[in-house]
Amino acid sequence: MSSLSKMLSVLDLFSGQNSHITPRQVQDELDLTRATAYRYLKALTDAGLLARFGGEYMLGARAIELDYLIRRSDPLLTASESILANVSAAHDCDLQLISLSGNRLLVTSHVHADKGLMVSYGRGMTMPVLKGAGGRVILASLSPSRQKALIAGARGMPVASLDPEEWSALRESLAAIRREGHAISDGELDIGNVGIAVPIEHGGLEYPAALVMIMARNRFALADRTRIVALLHDTVEQIMSAFDRIENKKTRPPSPPGTGREASRAAPPIGLGRDLAGASPDQQRIIDLITSGPRGTVPSPFLAMLDAPKLADAIQQVGAVLRFSSTLSDAVREIAILATAGAVGCGYEWNYHAPIAEAAHVSAQSIAATRPGASSEGADDPDAIVIELCRAVVRDGEAPAFLLAAASARLGREGATELVAIAGYYAMLANFIKSAGFDEPFRPG
């Protein structure tokens, strides 16, 4: 271990139960000479990482600044912040991100919504390796050798000392978690609490992570665990989509020489952008066609596809049928569009259609139920069926038979068919919106 690593290991002596340390403690626990212990403490104090308090030391203000910088710079935290807040508020539950940092399982984010829930492990706290759904989900994602090392380390023993039969049983249980894609723990970290965890797996992540929902045991007993797991997986997909957008912005190649920085910022990857002055004759024909129709303007999705004028024309005609010649009421159509926008995480689309839904007298409860991660349970009838059907089409590529039957019973077979078309159509528009850089955050609820 280098001298720098040894010095930084002083910080490992702090914990939730140990907020102050003494020079003697540093000397004894790190096996240092007295002079070296004082030298390390002085260096860390000068750097602002420690602060002296009488004859003891505590963490310094620099740690607060570093925590702030981590929140702003970690792409997973940035990508998940608003999504976790929306899902937590919609379902009145606590959500956590847990990450493996070295040999420690850390709570890197904790959104607290259930005021009656007591959770012992909050943001920044180290979690037990062998307890809790989040830890087991992360362990299940690792190689057997890494699993062994973490389990043995947590027990303070060498890997060779692990009991072969116990290890075989642990390995089998972790393999089952890997296959099932989730883990559930009951009362392992806090009596009366249940944790449901799914893995966060992505090639761009530098560390294994998990998303955990925490709720009271009596509430979980009445809940549909299949829907909870599906909600968590959907939430992870939204987070990873936002993560990709953040990372793509970081890695976007510089402009070719001679184009200028302002030009590179103004020009989208596809489409014309919002400046129509450079439109070709074919593009101008589509622009005139759209502006002369019921839309009156060229919305961003069609601006994004104007590099292929014939395609833009065909797509906008389909959209015109769905929006202006539908058998569905304005309210049902707008709920379907909002549900699709929420399912694909397209803020532009949702923000554009929310006021249209309000004008069509869609209830505030139904509109709120279309937000990313929100529950459809509070939506009016048949709005809840419409929301679930559109989400299923986006998530699974098909509408389940029972939802199609329910939609047909209330809206007719033609109406149910149009709902499937709306989900597919507006999901496609979202792809153009995001590819052209036109997307935006969801407006506050």
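The following legends describe close-up views of a predicted model.

**View 1. Packing of helix H15 against helix H18 in the predicted model.** Helix H15 spans residues 330-344 and helix H18 spans residues 383-396. Their axes come within 8 Å and cross at roughly 40°, and H15 and H18 are therefore oblique to each other. The crossing in which H15 passes H18 is right-handed. On the H15 side, the contact involves Val332, Ile335, Ala336, Ala339, Thr340, Ala343 and Val344. These residues meet Asp383, Val386, Ile387, Cys390, Arg391 and Val394 of H18. Sorted by class, the contact of H15 with H18 comprises ten nonpolar residues, one polar residue and two charged residues.

**View 2. The cis peptide bond between Asp381 and Pro382.** Asp381 and Pro382 are joined by a cis peptide bond, for which omega is about 10°. Pro382 is located in the loop between helix H17 (364-368) and H18. Helix H18, which takes part in the contact with H15, includes Asp383 among its contacting residues.

**View 3. Packing of helix H12 against helix H14.** Helix H12 covers residues 281-291 and helix H14 covers residues 309-324. The two helices pack with their axes 9 Å apart, at an angle of about 15°. Angles under 35 degrees count as roughly parallel, and H12 and H14 are therefore roughly parallel to each other. Their crossing is left-handed. From H12, the contact draws on Asp282, Gln283, Arg285, Ile286, Leu289 and Ile290. From H14, the contact draws on Pro309, Ala312, Asp313 and Gln316. The contact of H12 with H14 contains five nonpolar, two polar and three charged residues.

**View 4. Packing of helix H7 against helix H8.** Helix H7 consists of residues 144-154, and helix H8 consists of residues 164-180. The axes come within 12 Å and cross at roughly 120°, which makes H7 oblique to H8. H7 passes H8 in a crossing that is right-handed. Pro144, Gln147, Lys148 and Ile151 form the H7 side of the contact, while Trp167, Leu170, Arg171 and Leu174 form the H8 side. By class, five nonpolar residues, one polar residue and two charged residues make up the contact of H7 with H8.

**View 5. The largest cavity of the structure.** Two cavities of 30 Å³ or more are found when the whole structure is searched. The largest has a volume of about 180 Å³. Its lining has 20 residues, and those closest to the centre of the cavity are Met127, Ser185, Leu189, Gly195 and Ile214. Strand E3 (94-101), helix H6 (133-140), strand E7 (193-200) and strand E8 (209-216) are the elements that give two or more residues to this lining. The lining of the largest cavity divides by class into nine nonpolar, eight polar and three charged residues.

**View 6. The second largest cavity of the structure.** The second largest cavity holds about 130 Å³ of space. Twelve residues line the second largest cavity, and Pro299, Pro301, Tyr352, His353 and Tyr426 lie nearest its centre. At least two lining residues come from each of helix H13 (300-304), helix H16 (347-359) and helix H19 (401-435). H16 gives the most to the lining, with four residues. By class, the lining of the second largest cavity has eight nonpolar residues, one polar residue and three charged residues.

View 7. Asp92 occupies the loop between helix H5 (75-91) and E3. Strand E3 (94-101) is one of the elements that give two or more residues to the lining of the largest cavity.

Definitions and conventions. Residues are numbered from 1 along each chain as its sequence is written. This is a predicted model: local features need pLDDT of at least 70, side-chain atom pairs count only at pLDDT 80 or more; totals for chains, interfaces and linings use all residues. Side-chain values use heavy atoms; hydrogens and water are left out. Axes are lines fitted to C-alpha atoms, for helices over the stretch in contact, and angles run from 0 to 180 degrees between N-to-C directions. Angles under 35 degrees count as roughly parallel, over 145 as roughly antiparallel, 65 to 115 as roughly perpendicular and the rest as oblique. A crossing is left-handed if the near helix is turned anticlockwise from the far one by less than a right angle, and right-handed if clockwise. Contact means heavy atoms within 4.5 Å. Ala, Val, Leu, Ile, Met, Phe, Trp, Tyr, Cys and Pro count as nonpolar, Asp, Glu, Lys and Arg as charged, and the others, Gly among them, as polar. On a 1 Å grid over the protein atoms alone, a cavity is a set of points where a 1.4 Å probe fits but cannot get out, and a pocket is an open set with protein on both sides within 12 Å along at least five of seven lines; lining residues have an atom within 4 Å of a point. Grid points are joined across faces, edges and corners, and a volume is the space filled by probe spheres set on the points.
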